[in-house]
Amino acid sequence: MADAAPIPDVLVVGSGPAGAQVARDLARSGARVSILEQGSGPPPGTNLLKLLRRKEAMQIAPGVVLLRSLRVGGGSVTFYHTATPPPLALFARHGVDLSAPLEQVLSELPHAPLRPDLMAPVASRLMQAGQSLGLPWQPLPKMIDQSHCHDGSCPPEAFWSSHRLLQQAVKAGAHLHTGVQVLRVLFSQGRAVGVEARSNGALQTFPAGRVILSAGGIASPAILQHSGVEQAGNGFFCDPLRIVMGHLPIARAPQEISMSAGYFDADAGYMLSDITIPGNFFRAFTWAAGRPDQLLSYGHTAMIMVKIRDDIDGRIDTHGRPWRRFGAADRHRMQAGVTQARAVLRAAGSGKPYVSPWVAAHPGGSVRLGELVDENLNCHSPNLHVCDASVIPAAWGLPPTLTLLALGAYLARRISQ
Ligand SMILES: Cc1cc2nc3c(=O)[nH]c(=O)nc-3n(C[C@H](O)[C@H](O)[C@H](O)COP(=O)(O)OP(=O)(O)OC[C@H]3O[C@@H](n4cnc5c(N)ncnc54)[C@H](O)[C@@H]3O)c2cc1C
C-alpha cells in the first residue's frame, strides 16, 4: 500500500481547478483528503514537440491540435484568467444548484474587468474597432488581483491559479502526491475502495473511502473506461478556436494580458477576444497560413481569438486518445466568427488579415451530467464522483474555470452534508 494508515476518507484524482477546490473544501470540513496528481516537476514551456510527447498537445482531428495541462494545478497554470459565470439554468435542469457555491467561490476569487492602464495598446485598439462596428466588445472579468499591479504590469503573484487552493488544502491537512498517474478505480461489492496508479514506474494501490475523479475532460473518461464504465468518453466538446491575425502599426507590449476584452454571441455560437500567443506558436500558425511575409512581424501583429461552441461528437478511447470530426454546423459557426474578426481587424487598421489552423483548448462534456452522472456527481457507484469539465452536460463554448470551481464547491457541500 502506498499510503500509511489511516486510509483517507476521500481521494481526489487531479489538482486542476475542480479537484483543488473540492479537495480544499473537504479538507477544511475535517475530512482526511489525499490528492493524486500525475504532474510533477517544472512546467515544460511552450515547445510544441515537447508538449506532443507529454500528451499535453494531442491531435484530435486532421490538422487540429488540442491543448491541456498535465501539471500540478492543471489548466489553471497555463490559462488566460478569464472568469465567465456558469449558465446556472443549464445545471439547475439537472438538479445541480450552483448559485450558493458560486457565491462562495466569488467571495474568495479576484474577478474584475482589467483596469484601463493594464490593457495593452493593441487590445484597446481592437476593442475600439469592435465597438465602432456596433459590437458589444467590453473588458472581460479576469482572475487577477489587480491591487498587485503597478506601472501597467502585474507580477506573477497577481495571477490566480489553483496552487492557492492546493496550499490551503495542504494547510488544512490534505496530502498532495505528485507524479502519480491513476489508471483505474477499484471496486468491491459495488463500492469504490481506492485506485490503482503508476508512480515511479511501479503499480501501486491507493485505498480510500471515497473517490473523486477530477483528472479533466480527457483523462477522467479514460480512467472510467478502464474501470468498466464503457460509455464514458462517448462524445465530447473541445471549444475549438482559430486566431485571426493582422499587421498593425502599434508595437505589442512585452507582457500583454490575453483575452482582456471581447464578447460572446450566444446565438451565433462564438466568442471573439484579443489574444496573445507565444512567438513559436505565432510563427507556426503564420507559416501554416501561407504567410511567410509575416514571419518577422510578431511585435506588430494584432490577434483575435474566435472560439466556437462545437457540437458533442467523437470518442475518447481507453488509452485517453480523443478523436472527432467537425461537422457543417461547427464549420459554419467558425466561418461566421472569422468573418467578423476580419472585419474588426480591418476597422482597427490592419491590411490583409490571415487565419491560424484550428486549435482546441477546453475538452469536456465526456461524462455528462444527466447521462452518466447524477446530481451528486455520482457515477457508477455511490462513492465514486466525477468533478471536472467532463460532467458539463451540453455543448459549451465558454471559459469553464469559474463553473468548475463552483462545481468543486458544490460537491464538497453535498459530501459534507
Ligand atoms: C491556453 C489555454 C487558455 C485557457 N484560458 C482559459 C480562461 O481564460 N478561462 C477559463 O475559464 N478557462 C481557460 N482555459 C481552460 C481551462 O484551463 C480548463 O478548462 C480547466 O483547467 C479544466 O479544469 P479541470 O478541473 O476540468 O481539469 P484540468 O485543469 O485539466 O486538471 C486535471 C488535472 O488532472 C491531472 N491528471 C490527468 N490525468 C491524471 C491521472 N491519470 N492521474 C492523476 N492525475 C491526472 C492533470 O495533470 C491535471 O492537473 C484555457 C485553456 C488553455 C489550454
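Analyst: This is a predicted model. The shell around the ligand divides into 19 nonpolar, 19 polar and four charged residues.

User: How many residues surround the ligand, and which are the closest?
Analyst: The ligand is surrounded by 42 residues, and the closest are Gly 14, Gly 16, Gly 74, Gly 75 and Gly 216.

User: Which elements give two or more residues to that shell?
Analyst: They are helix 1 (17-28), strand 2 (33-37), strand 9 (180-188), helix 7 (216-226) and helix 10 (401-416).

User: And which gives the most?
Analyst: Helix 7, with four residues.

User: OK, domains. What are the bounds?
Analyst: The domain assignment gives domain 1 as 10-45 + 70-109 + 160-234 + 365-416, and domain 2 as 113-156 + 240-360. Their centres, taken over C-alpha atoms, are separated by 29 Å.

User: How many residues does each domain put into the contact?
Analyst: Domain 1 puts in 19 residues and domain 2 puts in 21. On the side of domain 1 that touches domain 2, helix 7 gives the most, with six residues.

User: What's the make-up of that side of domain 1?
Analyst: It has 10 nonpolar residues, nine polar and no charged.

User: Switching to strands. In which sense do strand 10 and strand 11 pair?
Analyst: Antiparallel, over six bridges, with strand 10 covering residues 191-199 and strand 11 covering residues 202-207. One of the bridge partners in strand 11 is Gln 204, which pairs with Ala 197.

User: What about the turn?
Analyst: The two strands form a hairpin with two residues between them, and Asn 200 in the turn has a positive phi of about 50 degrees.

Technical notes:
Residues are numbered from 1 along each chain as its sequence is written. This is a predicted model: local features need pLDDT of at least 70, side-chain atom pairs count only at pLDDT 80 or more; totals for chains, interfaces and linings use all residues. A residue is near a molecule or strand if its C-beta atom, placed from the backbone, lies within 6 Å of it. Ala, Val, Leu, Ile, Met, Phe, Trp, Tyr, Cys and Pro count as nonpolar, Asp, Glu, Lys and Arg as charged, and the others, Gly among them, as polar. Two strands pair if DSSP finds at least two bridges between them. Domain bounds come from an automatic or database domain assignment. Two residues are in contact if their C-beta atoms, placed from the backbone, lie within 7 Å.
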